[in-house]
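Trainee: I have a structure on my screen and want to learn how to read it. Where do we begin?

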Amino acid sequence: MPSEGEDGPLSLPDLPALEVTVWALQYQDYPPFLARLSQAAGRWRVHAGFRDSELDGEYRKSSGRWRLTGTVRAAPLRQGVTGEARIQGDGQWRSGTPFDSERFQGELTVLGQGLGLDSPDSDTGGPRGDLTVRARWTGLDWRLRAALDEPLALGAGWVLTPGRELTAEGRGTALRRADADLVARGPQGRAALNLSSDAQRLGHGEGRLTLSEGLDGEVRFQWFEDRVAVAPFRVRMADPAVTVRLREPVTVPLATEGEEALPLEAAYQGATLT
């Protein structure tokens, strides 16, 4: 989403017809892409393309309607990953309107197909799954739903299996509701994550990470809109024999910058690190 400037809400100027093309634009370590921007009579269009991936956006200043469509392949963005994501979105935004206003709204759908690891070795490559993510917002209020249709390889032999779809909603960075059941299995064991909202108190909920089948332990936590409180825990891994312990309760913000010091203690072959 575009951001507001220091002088107030973003407002697109009235300009004569224009068309600008940048044949090779690169950001960080991502592959170079072609970018094209055009405008005529208040109808703005943007196109980006690279290695069989394309994104197209359009905005009509007269009506405030915007839309986004495209297909992005995973392989050029990250080595060893395969699959593609189809993107479709549309909504309303009036030029000059603050983005925290209820007049800024939209819906975005991402359909991931055949996502997974690209490897000739089935043990390291693993299964490929389809992932559907839908987001909707009005101003700062947002809702998110994500569902996995088939098992998905995460790497290092770990596989995420389909479970109850993830649903979440919030306002800005504050989380109001979050519910999900996720299970992953790997060479070291099994990890199950459960998130449950408090039906009586908006913006409150609890979670539990349960480790088994070669791993042992449980991590319990509660969340309160913009922060998470984690209870003391002890988790163990059988091979290699490692134990990690949180000595005391900690509360950390959901959205934070910089580093957060945690009172963790790790034990391995008689040595203890804190």
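Mentor: Start with E107, a partly exposed residue with a relative accessible area of 30%. Buried means under 20% relative accessible area, exposed means over 50%, and partly exposed lies in between (1.4 Å probe, protein chains only). The areas come from the Shrake-Rupley method with a 1.4 Å probe, and for residues only the protein chains shown count as cover. This is a predicted model, where local features need pLDDT of at least 70, side-chain atom pairs count only at pLDDT 80 or more, and totals for chains, interfaces and linings use all residues. Residues are numbered from 1 along each chain as its sequence is written, and side-chain values use heavy atoms, with hydrogens and water left out.

Trainee: Which residue forms a salt bridge with E107?

Mentor: First the idea: a salt bridge is a side-chain nitrogen of Lys or Arg within 4 Å of a carboxyl oxygen of Asp or Glu. Here the partner of E107 is R136, and the closest N and O atoms are 3.4 Å apart. The pair links distant parts of the chain. E107 sits in strand 7 and R136 in strand 8 (residues 129-138), 29 residues apart. R136 counts as exposed, because its relative accessibility is 51%.

Trainee: How are strands defined?

Mentor: Strands (E, at least two residues) and helices (H or I, at least four) are DSSP runs, numbered from the N terminus. This protein chain has one helix and 22 strands.

Trainee: What does R145 form with E165?

Mentor: A salt bridge, with the closest N and O atoms 2.2 Å apart. R145 lies in strand 9 and E165 in the loop between strand 11 and strand 12 (166-171), so the pair ties together parts that are 20 residues apart in sequence. R145 is partly exposed at 45% relative accessibility. E165 is partly exposed too, at 29%.

Trainee: How many salt bridges are found in the whole structure?

Mentor: The search finds 21. Another joins the side chains of E218 and R220, at 2.9 Å from N to O. Some salt bridges form a network, which links R43, R45, E58, R60 and R67.

Trainee: Which residues make the nonpolar surface patch?

Mentor: Patch residues have over 30% relative accessible area and no salt bridge; like charges are joined within 9 Å, and nonpolar side chains (Val, Leu, Ile, Met, Phe, Trp, Tyr) within 5 Å. In this structure V20, V22, L25, L37 and V46 make a nonpolar patch of about 360 Å². Strand 1 (residues 18-25) gives the largest share, three residues. V20 lies in that strand. It is partly exposed, at 44% relative accessibility.

Trainee: How is a pocket found?

Mentor: Rolling a probe the size of a water molecule over the atoms shows where empty space is left. On a 1 Å grid over the protein atoms alone, a pocket is an open set of points with protein on both sides within 12 Å along at least five of seven lines, and lining residues have an atom within 4 Å of a point. The second largest pocket here has 28 lining residues; L115, L131, L152, L154 and L160 lie nearest its centre. Strand 6 gives the most to that lining, with four residues.

Trainee: How many residues does the protein chain have, and what share is buried?

Mentor: It has 274 residues, and 32% of them count as buried. Its C-alpha trace spans about 70 × 50 × 35 Å along the principal axes.

Terms used. 1 Å grid on protein atoms, 1.4 Å probe; cavity = no way out; pocket = protein on both sides within 12 Å on 5 of 7 lines; lining within 4 Å.
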